[in-house]
Amino acid sequence: MEHGSKGGSDGLHTPPRSAVRRRFDQFAAEVAKFGAVGTAGLIVNLLVFNLVRHTTDLPVVRASVTATVVAICSNYIGFRYFTYRDRDKSGRTKELSLFLLFSAVGLVIENGVLYAATYGFGLDSPLQSNVFKFVGIGVATLFRFWSYRTWVFRTLPAREAVASAESFLEEADAASAPEGRTLPERRTQHQRVG
């Protein structure tokens, strides 16, 4: 019984499972790196916010916007050179423009929560301001993660995606292809197309 489960149908499912596992591991590593940079940005954001709030006469939301801008600058360095260092680097101007655009949207989300709490509900004690600043950062972080990974720090060009897909197909062919079909035929056909 054990030999039957190792051969046949389980052998066909092994390559897709390993490919799914690989993608999950890559995504988990990306989330961890994003979280590390985000945690550093959170600390910078809250420190600058409290410093500006307690040492200047700026209103609470303006102090928050100032802190968010400082955190955005530090986060770009962390994302570009740590979290997404393996991503496409060919269009830095476009990348930076998109980063600033999506960061500005995140800034509005983050500080919109604080604005609503402060001016809408009158919750403006230092503790309440920090709580709603933190909540705003959390909501904005979900948006930033999606937008940065989707639009700003794009995956490498299609050529490398095709190479990855071909290696997956080669693994699948090696596990399940009939003896008459060989991989060089597939490569030759791909070379004619591309």
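Student: How do the residues lining the second largest pocket divide into nonpolar, polar and charged?

Tutor: The model is predicted: local features need pLDDT of at least 70, side-chain atom pairs count only at pLDDT 80 or more, and totals for chains, interfaces and linings use all residues. Numbering starts from 1 along each chain as its sequence is written, and side-chain values use heavy atoms, leaving out hydrogens and water. Ala, Val, Leu, Ile, Met, Phe, Trp, Tyr, Cys and Pro count as nonpolar, Asp, Glu, Lys and Arg as charged, and the others, Gly among them, as polar. By that division, the lining has nine nonpolar, nine polar and two charged residues.

Student: About how much space lies in the second largest pocket?

Tutor: On a 1 Å grid over the protein atoms alone, a pocket is an open set of points where a 1.4 Å probe fits, with protein on both sides within 12 Å along at least five of seven lines; lining residues have an atom within 4 Å of a point. Grid points are joined across faces, edges and corners, and the volume is the space filled by probe spheres set on the points. The lining consists of 20 residues, with Gly38, Leu42, Asn75, Ile137 and Thr141 nearest the centre. The space in this pocket is about 280 Å³.

Student: Which helix supplies the largest share of that lining?

Tutor: Helices (DSSP runs of H or I, at least four residues) are numbered from the N terminus. Those that each give the lining at least two residues are α2 (8–55), α3 (60–83), α4 (92–120) and α5 (126–152). The largest share is seven residues, and it comes from α2.

Student: How many helices does the chain have?

Tutor: Strands (DSSP runs of E, at least two residues) number zero here. Along the sequence, the pattern reads α-α-α-α-α-α-α. The count of helices is seven.

Student: What percentage of the residues in the chain is buried?

Tutor: Buried means under 20% relative accessible area, exposed over 50%, and partly exposed in between, using a 1.4 Å probe and protein chains only. The chain has 194 residues, and its buried share is 26%.

Student: Is Lys133 buried or exposed?

Tutor: Lys133 belongs to helix α5. Contact means heavy atoms within 4.5 Å, and beyond four places in sequence Lys133 touches Asn45, Leu46, Phe49, Ser64, Ala67, Thr68, Glu110, Asn111 and Leu114. Because its relative accessibility is 0%, Lys133 is classed as buried.

Student: What is the relative accessible area of Trp146?

Tutor: Trp146 is part of helix α5. Trp146 is classed as partly exposed, because its relative accessible area is 45%.

Student: Which members of the largest nonpolar core touch the most other members?

Tutor: A nonpolar core is a set of buried Ala, Val, Leu, Ile, Met, Phe, Trp, Tyr and Cys residues joined through side-chain atoms within 4.5 Å. The largest one has 13 residues, and the elements giving it two or more are α2, α3, α4 and α5. Apart from it lies another core of eight residues, including Val48, Val60, Ala67 and Leu114. In the largest core, the members that touch the most others are Phe34, Phe79, Tyr84, Phe99, Tyr148, Val152 and Phe153.

Student: Where in the chain is Phe153 found?

Tutor: Phe153 has 0% relative accessibility, so Phe153 counts as buried. Leaving aside neighbours within four places in sequence, Phe153 is in contact with Tyr76, Phe79, Arg80, Tyr84, Arg87, Glu95, Phe99 and Tyr148. Its place is the loop between α5 and α6 (158–176).

Student: How many aromatic pairs does the structure hold?

Tutor: Rings of Phe, Tyr and Trp (its six-membered ring) pair if their centres lie within 6.5 Å; planes under 30 degrees apart count as stacked, over 60 as edge-to-face and the rest as tilted. Ring pairs link Phe27, Phe34, Tyr76, Phe79, Tyr84, Phe99, Phe145, Tyr148 and Phe153 into a cluster. The number of aromatic pairs in the structure is 16.

Student: What is the angle between the ring planes of Phe79 and Tyr84?

Tutor: Phe79 and Tyr84 are both buried. Their ring centres are 6.3 Å apart, and the pair is tilted, with planes at 50 degrees.
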